[in-house]
Amino acid sequence: MKIYSTGMYYEPVIDRLPELKPLLKAVTGQNFRRIDRFIQLALIGVSRCSGEVSLPIETAIYLTSGQGDLEVMIDVLEQMLRDGKSPKPLSFINTVSNSACYHLAKYLHLKSRNCFVASHCFSFERALRLAMVDFLQGNLTSALVGSVDICVLPLAQHRQRIAVSPDTPVAEACHWLLLGDDDCLGEPMGEVEGVEHFGSKEALLVWLAALDVDNSWSIAGGHILPEEELVFYQELTLVGQQFQYRKNLAYYDTQTASAFSQYLEHGREGTLLHIETDGEGRYCTFLLKVF
Amino acid sequence: MSLRPCVIGAGIATCLGGDVEENLYALKQSPKQAAIIEHHSLTDAERLPYHLLKGAELDHADKRLYQQIDQVVSQALGEAQLNDEQRSKMALFVGSSSHDISVSEQLYKQELISSKEPLALRLSSFGNIAGYVRKRFSIKGEDFSINTACTSSANALLYASSMLRTGQVDYVLVLAVELFNDTTALGFNNLELLTHTQMTPFDKARDGIVLGEACGALVLTRKEPEAKEFVVLGGANLCDTHSISSANPDGSSIAMVIRRALDNAGVTPGQIRAIKAHGTASLRGDEAEAAGVLQVFQDLPDVCAIKPYIGHTLGACGLVEMILFYQTILAGFIIATPGIASDEKELGLKLTQRHESVGSGIFLLNYFGFGGNNCSLVIANGEQ
């Protein structure tokens, strides 16, 4: 799957959430009504990704998130169970995460397939897998794969919900990749060469041992992969350097998506080997090649 | 013959019963009116008909959820008879519109009573159900939790089949879950989409949805199907941006997703033996579906609807209605809804009124959801 462009939003959250409406207006040139923060972030990121490109009407959308539209879900639960009020119709509809896909498709004038998918620890990789399967079957020539993670104040509660320690810096973020195999999308920046799943460390080791690595390769680990394990894989594969894309990132669930935009923008040709684990013996990798 | 995504095991729990046999028995009768739900969280005005799972008490949401999942997954895996290695490597697809929100609600209600700092959505994650199933059944393959409203498990089945067709995996388990929760019950009630009586899709008397609970599980593999075995020939997903809550009533987007599904499956409208309609009994939803179907089919095959029997099981309906549909075909008949949409006067199509005999064929299954997410699947058994 060739990558034609990326778009992102990233903002560490200290004690308040920045207003997104002015940014959304500036990025898209449009006023949107009755959409919440999750959808606003999705639109900002996708607009930055699609840029000036006129997307084919068949461009598919695959959206993922660590926790989905937390803001609307929390609001519905608190109003309903704490305050005794029934969910408002629009809030209820937006509790279904693919509501964001609807707004994305409408904004981009697409008539295409779309899907919201998630997976504990491997959400972005799974979204890529669904896109890959559709490309393999010839169902697609272009696709947007993206992730959105929002924060809900107060942050102490947010950290409990996303299961990080009380002193962990947290952020809101959105990442999009425009993937395809279509000349009208422009010049490709790189390529996702494979997204693999391994049910055990042994299976991962067999696969790693068969890689044909050269000195242009880098290796990176996800949030859960211990540093010493990454070093072990680096030594095993003889990859020359680590790509530490998470070093300066505050935490959000789909940080893995940031590896794409950061590696594509770091300005060197080469291949990134990314490894993440769920901490329960399963692993997921992807290879990102920059042209 | 080529290798195809083939069904080798199924499990099901609906208001009709906790296994395939109980469901088949009930589907040979006529639809029964759902009982009015009794639940402490609902006011008198909110006590509506609801097709609850047979024999499962509403309290203890966590225990209830995981018991139902255990039951249907055990049934499906038992029928599939996989060895430990095959089971370990299988991929898992979960389709639901509410996932484990019933458990989150229960936890928050308890905290509101007993905690100084109650927290809504503590421990909530899309991956909770998949995580439970992986551990409970020793599955180490990749897991996908899909949330596309009422098409969730239809899309799960569509992508699971694609994974098999492209040789990414050898076995998949698709799980559909939709259990009672306050958010769904009150949310739909406020949308004024629910009827106080019975679901009568495509009928002139139709006035809304009866919600239902269901769990379903299906095991598929890539193989040459035996004569009676069902295969997923193909399908399509298409986003309709006409409205976030209903399909375009002119039927154009529904006709498009049906045509794409047929193309993907490599069949023509004339080869379809019967259609399983989405049929939500909503005014505009049925109007859109009827218009779409009529644009694609010059000569209508038999059209049936399952929701009058089990209610609208939302994110679970994709898989659950597929299981019930193919099981009735294997049992030799197409589901009938006597007295519901018995003529074409209202929307130009009528539903099967008596149990039509059928042994095999190619079948179209329709599913449409909030967020404009539309999905059609094509399944078949016998010679194609």
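# Briefing on a predicted two-chain model

Of the 384 residues of chain B, 62% count as buried. The structure is a predicted model. Chain A has 291 residues, and 52% of them count as buried. The points below take up each chain, then the contact between them.

**Chain B**

- The secondary structure of chain B consists of 11 helices and 14 strands.
- For a chain of 384 residues the globule rule gives 21 Å, and the radius of gyration of chain B is close to this at 20 Å, so chain B is as compact as a globular protein of that length.
- The C-alpha trace of chain B extends over about 65 × 50 × 40 Å along its principal axes.
- Among the contacts in chain B with a separation of 6 or more, 80% join residues 24 or more positions apart.

**A helix pair within chain B**

- Helix α1 (residues 20–27) of chain B and helix α11 (residues 317–330) of chain B have axes that come within 10 Å and cross at roughly 75 degrees.
- An angle of 65 to 115 degrees counts as roughly perpendicular, and α1(B) and α11(B) therefore fall into that class.
- From α1(B), the residues B:Val20, B:Asn23, B:Leu24 and B:Leu27 meet B:Leu324, B:Gln327 and B:Thr328 of α11(B).
- By class, the residues of this contact between α1(B) and α11(B) are four nonpolar, three polar and no charged.

**Chain A**

- Chain A comprises 10 helices and 10 strands.
- The radius of gyration of chain A is 19 Å, which agrees with the value near 19 Å that a compact globule of 291 residues would have.
- Along its principal axes, the C-alpha trace of chain A covers about 60 × 45 × 30 Å.

**Helix packing between the chains**

- Helix α3 (residues 70–82) of chain A packs with α7(B) at an angle of about 90 degrees, and the two axes lie 11 Å apart.
- The helices α3(A) and α7(B) are therefore roughly perpendicular to each other.
- The residues A:Val76, A:Met80 and A:Leu81 of α3(A) meet B:Asp182, B:Thr183 and B:Leu186 of α7(B).
- The contact of α3(A) with α7(B) includes four nonpolar residues, one polar residue and one charged residue.

**Strand pairing between the chains**

- Strand β3 (residues 114–118) of chain A pairs with β4(B) in the antiparallel sense, over two bridges.
- The bridge partner of A:Val117 in β4(B) is B:Ile146.

How values were computed. Residues numbered from 1 in each chain as written. Chains lettered and ligands numbered in written order. Predicted model: local features only at pLDDT ≥ 70, side-chain atom pairs only at ≥ 80, totals over all residues. Pairing = 2+ DSSP bridges. Helix = DSSP H or I, 4+ residues; strand = E, 2+ residues; numbered from the N terminus. Rg over C-alpha atoms; globule rule 2.2 N^0.38 Å. Buried ≥ 20, exposed ≤ 12 C-beta atoms within 10 Å, placed from the backbone. Axes fitted to C-alpha atoms, helices over the stretch in contact; angles between N-to-C directions. Parallel < 35°, antiparallel > 145°, perpendicular 65-115°, else oblique. Contact = placed C-beta atoms within 7 Å. Nonpolar A, V, L, I, M, F, W, Y, C, P; charged D, E, K, R; others polar.
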